[in-house]
Amino acid sequence: FGGQAVIPEIQATLARPPRSPFSMMKAIGVSYVVVFLTYYSVGISGFAAFGKSVEPDVLLSIRRPQVLVDIADVMVVLHVAAGYQVFAMPLFDVFEGVVLRRLSKAPRPVILRLGVRSLFVFVTTFIAVLLPFFDDLMGLIASIGLMPITFILPSLLWISSRRPEGFELWVNVVIAGGSSLLALVAFVGSVRNIIHDASEYDAFD
């Protein structure tokens with residue numbers, strides 16, 4: 001759901017930018033429908049099958065058939081590998097610019113990109129492995145970052161810029177208000193989980 005954060009970057013780097021913003025809006029709409037159906041079907045079915053004992057990573061709750069689990073693991077790796085490149089691209093550009101400004105002689109672009117991006121991936125992966133409470137932090141980060149950027153601010157900005165009335169206004173108000181409530185509940189729950197599990201945390205656990 002956080003894809004809209006990199007939409008300007010994607011649109012700016014297209015070989016042929018769309019003539020109308022409505023082209024991107026259609027693509028975003030289709031993407032959100034696919035994401036909604038995929039994520040919510042997995043979440044609902046996982047909770048229906050395993051109840052509150054379901055693991056944060058639902059694949060850890062599935063034991064058989066092993067072939068299905070292996071295929072799902074491969075799909076997750078491909079998804080993360082592709083998505084990571086898109087989401088990290090703006091950061092890659094920033095860090096590469098910083099390195100270029102600090103060097104007296106600019107290296108070859110391939111060498112620069114390989115070095116900066118490899119170091120970035122190594123550092124972020126190391127931090128992720130270092131934090132055994134990664135699942136709890138994901139909920140906390142989503143409540144203070146993903147929810148406002150993805151669901152709350154767009155609705156409020158739409159109301160501010162378009163001045164909708166009637167049904168359209170109430171739809172945006174409900175989205176912003178409901179998302180705010182969900183973000184608050186997620187924040188409280190994540191903080192509670194972090195405090196509750198703090199005594200059992202070990203680095204690299």
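Tyr 39 counts as partly exposed because its relative accessibility is 47%; buried means under 20% relative accessible area, exposed over 50%, and partly exposed in between, with a 1.4 Å probe and protein chains only. The model is a predicted one, in which local features need pLDDT of at least 70 and side-chain atom pairs count only at pLDDT 80 or more, while totals for chains, interfaces and linings use all residues. Residues are numbered from 1 along each chain as its sequence is written, and side-chain values use heavy atoms, with hydrogens and water left out.

Tyr 39 lies in helix α2, residues 21-50. Together with Val 33, Phe 36, Leu 37, Tyr 40 and Ile 44, Tyr 39 forms a nonpolar surface patch with about 640 Å² of accessible area. Such patches are made of residues with over 30% relative accessible area and no salt bridge; nonpolar side chains (Val, Leu, Ile, Met, Phe, Trp, Tyr) are joined within 5 Å, and like charges within 9 Å. The areas come from the Shrake-Rupley method with a 1.4 Å probe, and for residues only the protein chains shown count as cover.

The protein as a whole has 6 helices and 0 strands, in the order α-α-α-α-α-α along the sequence. Helices (H or I, at least four residues) and strands (E, at least two) are DSSP runs, numbered from the N terminus. Of the 205 residues in the protein, 16% are buried.

Two helix pairs can be followed next. The axes of helix α3 (residues 66-102) and helix α4 (residues 109-130) come within 10 Å and cross at roughly 120°. Axes are lines fitted to C-alpha atoms, for helices over the stretch in contact, and angles run from 0 to 180 degrees between N-to-C directions. The helices α3 and α4 are therefore oblique to each other; angles under 35 degrees count as roughly parallel, over 145 as roughly antiparallel, 65 to 115 as roughly perpendicular and the rest as oblique. The crossing of α3 and α4 is right-handed.

Helix α5 (residues 134-162) and helix α6 (residues 166-197) have axes that come within 8 Å and cross at roughly 165°, so α5 and α6 are roughly antiparallel.

Side chains of opposite charge can pair when their charged atoms come close. The structure holds 1 salt bridge, a side-chain nitrogen of Lys or Arg within 4 Å of a carboxyl oxygen of Asp or Glu. Glu 96 pairs with Arg 117, and their closest N and O atoms are 2.8 Å apart. This pair links distant parts of the chain, with Glu 96 in helix α3 and Arg 117 in helix α4, 21 residues apart. Both Glu 96 and Arg 117 are buried.

Definitions and conventions:
A crossing is left-handed if the near helix is turned anticlockwise from the far one by less than a right angle, and right-handed if clockwise.
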